[in-house]
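Here is a brief report on one protein model.

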Amino acid sequence: MPSIVDPGFSRDTCSRATKSQLCTLISCKSLLAAVAMLWVTASLAAADAPTPPNVVFILADDLGYRELGSFGQELIKTPHLDKLAKQGMRLTQHYSGNAVCAPSRCVLMTGKHPGHAEVRSNKSTPPEGQWPIPDSDITLAELLSGEGYATGAFGKWGLGGPDSSGEPLRQGVQRFFGYNCQSHAHSYYPSYLWDDDQHVKLNNDPPVSGHIGFADGDDPSDPASYARFKGQDYAPDRINAQALQFVKDNKDKPFFLYYPTVIPHVALHVPDEELKQYHDLGWQDPPFVRDGGYGYTPHFTPRAAYAAMITRMDRYIGNILNLLDELQLSDNTIVIFSSDNGTTHLGKEVDYTFFRSVGELRGLKGSLYEGGVRVPTLVRWPGKIAAGSQSDYVSGFEDWIPTLMDLIGKSEDVPEGLDGISIAPTLLGKSQEERPYLYREFPSYGGQQTIRVGDFKAVRQNMSKGNLEIELYNIREDIGEQNNIAAEHPELVAQLAQQMEAVRTPSKIFPLIPLDAPARKAKKR
């Protein structure tokens, strides 16, 4: 019979061992065997457990609802994003967080709609940066970092200057490269970018401001006069390279890549090699010459430049998508593409009529009509989100925190008090109840407030002058918001007015006049 005693004991020792000692030895052996078995079982379970999906969120800057091929654009080439649309889902009624940059990004990062968000308009904080997100807000980056994700942001931040509470490295971003300040981002040929919390110098000598004009004696009809608006070191190239490196560095663990590209926000800066394909089309393209010293830098062929910028952005996004394929990460990566608001209202620089940038929608950047806040949005997750699908479910930037936490299996970790809902059922092809409401307010551009409940949307404009009159539109029947039906539905108008008051809190920093402060008096002429 084989010995049941540990082989480390001699036979003499074994012969002197008492029954009690033998039982103890046997128990220890059994315990060790059990522990070993548990360890093996746990290891096998861990090996079989699915790796949490990576998250890539790409945010365009001032891209209109109809400026992608997959959303009806006919003049601007966006092959990589069009392919992404075929591989995933188009969200046709998705709303940015607000009508301009900073407050829109605040909604995205915090999950709070503009009636509760800290940042409700653009507000600079010299010498650099915008009004910061407070420490008390928990951002999407902080949540994913807490779940073990590597987090990186590459592009334009705009939610708190250096050394403020909103600085990206203090809001859950572990790796940052790009522009902290949105004003700094008006130039694509700056003197520096931020590399985490340090400046990295770019090879632009001199740098090209986003707001310079012609020198004395320059002839706006001479293409050579526009050479001073071209630099050598194109910042978006640098940003894209760093984003790609982040993916490579973190390919073996879950990562969150936030890519808020500065394109296609003016100034009209784009390398000549990208411009050529549109310049050669021979569009009737009158120069933008910055009449009266107003606007961004001049461009000899502004239509070609704007189209080329969007195509350049599409190329950068293609680089990221191709890298995910090369690293065999695509199947386990959720990719989201959207825009922070609609097309710029600067029509002399960006010919939104020529491009039909917002299509049939009313309004542009700065407006809470549909054209200012309804944005082209794509979501891909192979094997989970049906390829070539689309949804008209009403959704907004405040929904991304609960949605992504739901998709990675951590919905229980969503902070309390957020305004968003998870649209994971919609993305995964399941039925979902209609959202209770979608609310927006914007104290700038005259003061505006909207709420959408079902197909009905209430709109207030020119509030800064004391106007509280409500316009009412049926968005399903009147997507262009041309037929104000408020007079036909007085009870609904009263109900929506009460709801707009109930779903918001006043702001001292960004007061919505006249709700939070007295109306401004009209200027005497």
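## Overall fold

The protein has 13 helices and 16 strands. The model is predicted. Of its 525 residues, 54% count as buried. The accessible surface of the protein is about 23,200 Å². Carbon and sulfur atoms account for 52% of that surface. Contacts between residues at least 6 apart in sequence were also examined: 69% of them join residues at least 24 apart.

## A serine in a loop

S164 sits in the loop that runs between β4 (150–156) and β5 (175–179). Is S164 buried or exposed? S164 is buried, because its relative accessible area of 16% falls under the 20% cut-off. Leaving aside residues up to four places away in sequence, S164 touches P132 and R170.

## Cysteines and disulfides

A disulfide is a covalent bond between the sulfur atoms of two cysteines. How many disulfides does the model have? The count, which requires a pair of cysteine sulfur atoms within 2.5 Å, comes to zero. C101 is buried, with a relative accessible area of 3%. C181 is also buried, at 6% relative accessibility.

| Residue | Relative accessible area | Class |
|---|---|---|
| C101 | 3% | buried |
| C181 | 6% | buried |
| S164 | 16% | buried |

How values were computed: Residues are numbered from 1 along each chain as its sequence is written. This is a predicted model: local features need pLDDT of at least 70, side-chain atom pairs count only at pLDDT 80 or more; totals for chains, interfaces and linings use all residues. Side-chain values use heavy atoms; hydrogens and water are left out. Buried means under 20% relative accessible area, exposed over 50%, partly exposed in between (1.4 Å probe, protein chains only). Helices (H or I, at least four residues) and strands (E, at least two) are DSSP runs, numbered from the N terminus. Contact means heavy atoms within 4.5 Å. Accessible areas come from the Shrake-Rupley method with a 1.4 Å probe; for residues, only the protein chains shown count as cover.
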